Structures are given as C-alpha cells and as structure tokens.
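Trainee: I've got a model open and some questions about its backbone and helix packing. Can we go through it together?

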Amino acid sequence: MKIRIAVATVAAALAVCCASALSAQVALPPTSPRFQEIARLAQEGYGDSARTLIAGVISRTAPADPAYAEALYTAGTVARTGDEMRTWFRRVVVEYPTSAWADKAQLRLAQLAFGNGDMSDVVIRVSRLFADYPDSPVIPTAALWGARAAFEQQKMQLACDWLTRGIAAAGDDLELRNQLQFTKQRCNVGDGVRLSPPVAESLRAGPPPQTPVDTPAQRPPSATPPVKPAGGTTASPWRIQVAAIADQVVIRRLIQKIEAAGFTAYRVPGPRGLTKVQAGPFASRAAAAAKLARLKSAVSGSAFVTATP
C-alpha cells in the first residue's frame, strides 16, 4: 500500500474550503419574511409543510408580481430532491433573468452541478453568472466554486482570473476573501508561471500510466551535480513535490531552481500527460519536512512532502 501524503497539499486544503462552501449552500435564503418562515420550516424538518405552503403562495401569486421570482426561488430552496431544486431554479433563471433572484438561482444550479460531479456545467453556469451579473453580490462565492471546477478541467487561466475577480469583490467578508486568496496559491509557482491543476483523486487510484519509470532529471554535461541532503539516499521514499505540470519549459525552469537550491530534481510521470516535479531524496518524512520551507522559498510556490511510488 502506498504511504499516504504526510503534509496536506494546497489542493487538499482547497477541497476542505469547497466542502465548507458546499455545506453552506443554504446561505442564500429568501429575504421576505413569509418566505424566510417557509425556508425555516424546511430547515427544522417540516419539509412537507414548507412545500405545501410555498405551492399555495405560487398558485395565488400572479406571474407578473415582483414576489413571484422569490416564490419560485423559495420553492427550489425547500424542494425534496436535487432534480426538483434544479427545475425551480432554472425557472427563475429562464423566466426572470432580470430579477434579484436570477444570479442566486444560477449559483445554486452551479452548486448542484458540482455536487453531481458535473464540472463542465459548473464552469458554464459560473461563466454565465460572471457575464450576466458582473456586479452581483454572489460573485465571490461563485468564483470559489467556479475556480475549483475549472481546476478540475485544467482550465487554469480561467480559474485564476475568476479568483482574482472574486477577491476584488469580496469586500468585508474576510473569511471568504481568505478562502479565495488561499485557493489562488495554486495559480503561481513564481516568475508568473502558471501551474496545471493537481490530478483528480479518481485518476490517482487508476492503473499506473504506461510511461518510463521515475528517473532523476537530466542535466547538461557541464552542470555541477547538486549537493545531496545529508543522510539521504536515492532509495529513500521521501521527496518534496513542487508541481504537477505539462509545460516542458516550466518543468525545466523548476528543475533549475531545485538544483540551484542544492537538491536532486526528479520527473515522475503522472496521469493526463502531467509530469510531477519533485526534489530529494530524504531519509525520512521529518528530514523532508525540515527542508520544505527552504524549497518553497526557492520555487516561490506551493510544495509538499510526498512518498515515491
């Protein structure tokens, strides 16, 4: 069995951030008192009563009434299933695109798509939200959800642009701003270099790629061999991973920085054509962790301790 990664990666931390956001989907409640009461009933376990009440309100409200869009949105909030939620929220987006609830409904649809693992739909909906409602108060939250979906689809530039806009729009919401800024650490390794997203967990669990075995990075004949860390051996299982990327120019640049810092650089084949760039070797997890800060400083980005295959 492979040894689990010892130090949490930025990608893992991002998953925690987004899991937290997922649990807070209901943070976009109705604002009218009568609709808030219906939503409260559902939250307290009286879903059937809430759905009966909102159905009555909708039947008695004229479609031209300004409250109708919020009624539809509330129906989506208290719906029994995800499919029912999508039906109500889509009605808000399609039938009342200029209402105060269209942007919130679009975000809820993106969240539901994320929960189903449909990252393509998340990206589409967040893109529409940014295009149609650029001044919406839900832009920062949408940026966080959209960025993770874009990372999963290897749309790095899009994810980073959304995070930048989300941070700018976060205002006084310090917690959300911190989540966005932390997530944006995945965007840079220094000198403006963009990183490819980490490989999805489902792919890591798949069969090993049919590529050459792990070998130290090739150096020009004239290059001076790097200094090996004290106590380290080439057979040691512990290294520090700097990035998982596909751009060969960026890979060479990172290798130069790793070697300049006195470590051996390794290229490890990864799924989706990515190459894991690692530094080492280290005799133990503790030895690797002790050099983590130094290596992070050298590559100006995120790095973490990992075990070799």
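Predicted model: local features only at pLDDT ≥ 70, side-chain atom pairs only at ≥ 80, totals over all residues.

Trainee: How many of the 14 residues of H8 are buried?
Mentor: The buried set includes Ile 139, Leu 144, Trp 145, Arg 148 and Phe 151. H8 is largely enclosed by the rest of the structure, because the buried count out of 14 is twelve.

Trainee: What distance separates the end C-alpha atoms of H8?
Mentor: With 14 residues at 1.5 Å a residue, H8 should span 20 Å. The model agrees with that expectation, so the distance is 20 Å.

Trainee: Moving to H7, which helices are included in what covers its buried residues?
Mentor: H7 runs over residues 119–132 and reaches 20 Å from its first C-alpha to its last, close to what is expected. Its buried residues are Met 119, Asp 121, Val 122, Val 123, Arg 125, Val 126, Leu 129 and Phe 130. The cover over them includes H5, H6, H8 and H9.

Trainee: How are H6 and H7 oriented to each other, roughly parallel or roughly antiparallel?
Mentor: Their packing angle is about 165 degrees, with the axes 8 Å apart. Angles over 145 degrees fall in one class, so H6 and H7 are roughly antiparallel.

Trainee: How many charged residues are in the contact of H6 with H7?
Mentor: H6 passes H7 in a left-handed crossing. On the H6 side, Asp 103, Gln 106, Leu 107, Leu 109, Ala 110, Ala 113 and Phe 114 meet Met 119, Asp 121, Val 122, Arg 125, Val 126, Arg 128 and Leu 129 of H7. By class, that contact has nine nonpolar residues and one polar, and the charged ones number four.

Trainee: What about H5 and H6: roughly parallel or roughly antiparallel?
Mentor: H5 and H6 pack with their axes 8 Å apart, at an angle of about 150 degrees. The cut-off is over 145 degrees, and therefore H5 and H6 are roughly antiparallel.

Trainee: How many nonpolar residues are in the contact of H5 with H6?
Mentor: This crossing of H5 past H6 is left-handed. Residues making the contact include Met 85, Phe 89, Val 92 and Val 93 of H5, and Ala 102, Ala 105, Leu 109 and Leu 112 of H6. The contact also has two polar and three charged residues, while the nonpolar ones number eight.

Trainee: Which two residues does the cis peptide bond join?
Mentor: Look at strand S4, residues 275–282, where Pro 281 lies. Omega is about -10 degrees for this bond, and the pair joined is Gly 280 and Pro 281.

Trainee: Last one: what percentage of the residues in the protein chain is buried?
Mentor: The chain has 14 helices and five strands. Of its 309 residues, the buried share is 47%.

How values were computed: Residues numbered from 1 in each chain as written. Heavy atoms only, no water. Helix = DSSP H or I, 4+ residues; strand = E, 2+ residues; numbered from the N terminus. Expected span 1.5 Å × (residues − 1). Buried < 20%, exposed > 50% of the residue type's maximum accessible area, 1.4 Å probe, protein only. Contact = heavy atoms within 4.5 Å. Axes fitted to C-alpha atoms, helices over the stretch in contact; angles between N-to-C directions. Parallel < 35°, antiparallel > 145°, perpendicular 65-115°, else oblique. Left-handed = near helix turned anticlockwise from the far one by under 90°. Nonpolar A, V, L, I, M, F, W, Y, C, P; charged D, E, K, R; others polar.
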